[in-house]
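Here are my notes on the model you sent over. Have it open while you read.

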Amino acid sequence: MIAILQLYLSTKDQNYKKGFLDKIWKLLDENLEFNINSALLAVHSMDDSYKVKLRSYVIKYKEKTNKENTDNPYGVPLVKRGWGRHFASN
């Protein structure tokens, strides 16, 4: 997703923009954590309807992150990392 977004940003070719928009929402639904950064990188180059639609994903991501951070007394999201998952569960 980042590659297609970068192609759009550098060329302003609407086909790349369409390709990004056609895929990003499905990818956010499938794996929010992995794809949120790509979606956020696009904010400054998209219209207001994109920002409105993205807002619900950002809120969902924030709620999930807050919940995960409460599992760690230091507020560090260790469960995201392979080594942290092992130690956080002990």
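1. Ground rules. This is a predicted model, where local features need pLDDT of at least 70, side-chain atom pairs count only at pLDDT 80 or more, and totals for chains, interfaces and linings use all residues. Residues are numbered from 1 along each chain as its sequence is written, and side-chain values use heavy atoms, with hydrogens and water left out.

2. α1 against α2. Helix α1 covers residues 2-11 and helix α2 residues 14-30; their axes come within 8 Å and cross at roughly 150°. Axes here are lines fitted to C-alpha atoms over the stretch in contact, with angles from 0 to 180 degrees between N-to-C directions. Helices are DSSP runs of H or I with at least four residues, numbered from the N terminus.

3. Who touches whom there. On the α1 side you'll find Ile4, Leu5, Leu7, Tyr8 and Thr11, which meet Gln14, Tyr16, Lys17, Gly19 and Phe20 of α2 (contact means heavy atoms within 4.5 Å). By class, this α1 with α2 contact splits into six nonpolar, three polar and one charged, with Gly counted as polar.

4. α2 against α4. These axes come within 11 Å and cross at roughly 15°. That makes α2 roughly parallel to α4. From α2, Phe20, Leu21, Ile24, Trp25, Leu28 and Asp29 make the contact, with Tyr50, Lys53, Leu54 and Tyr57 from α4. The class count for α2 with α4 is eight nonpolar, no polar and two charged residues.

5. Lys12. Lys12 sits in the loop between α1 and α2. Its relative accessibility is 48%, so Lys12 counts as partly exposed (buried is under 20% relative accessible area, exposed over 50%, partly exposed in between, using a 1.4 Å probe and protein chains only).

6. Thr65. Is Thr65 buried or exposed? At 16% relative accessibility, Thr65 counts as buried. Thr65 belongs to helix α4, residues 48-70. The side chain of Thr65 reaches the backbone oxygen of Tyr61 at 2.9 Å.

How values were computed
Helices (H or I, at least four residues) and strands (E, at least two) are DSSP runs, numbered from the N terminus. A polar contact is a pair of N or O atoms within 3.5 Å; within protein, one must be able to donate a hydrogen and the other to accept it, and residues adjacent in sequence count only if both atoms are side-chain atoms. Angles under 35 degrees count as roughly parallel, over 145 as roughly antiparallel, 65 to 115 as roughly perpendicular and the rest as oblique.
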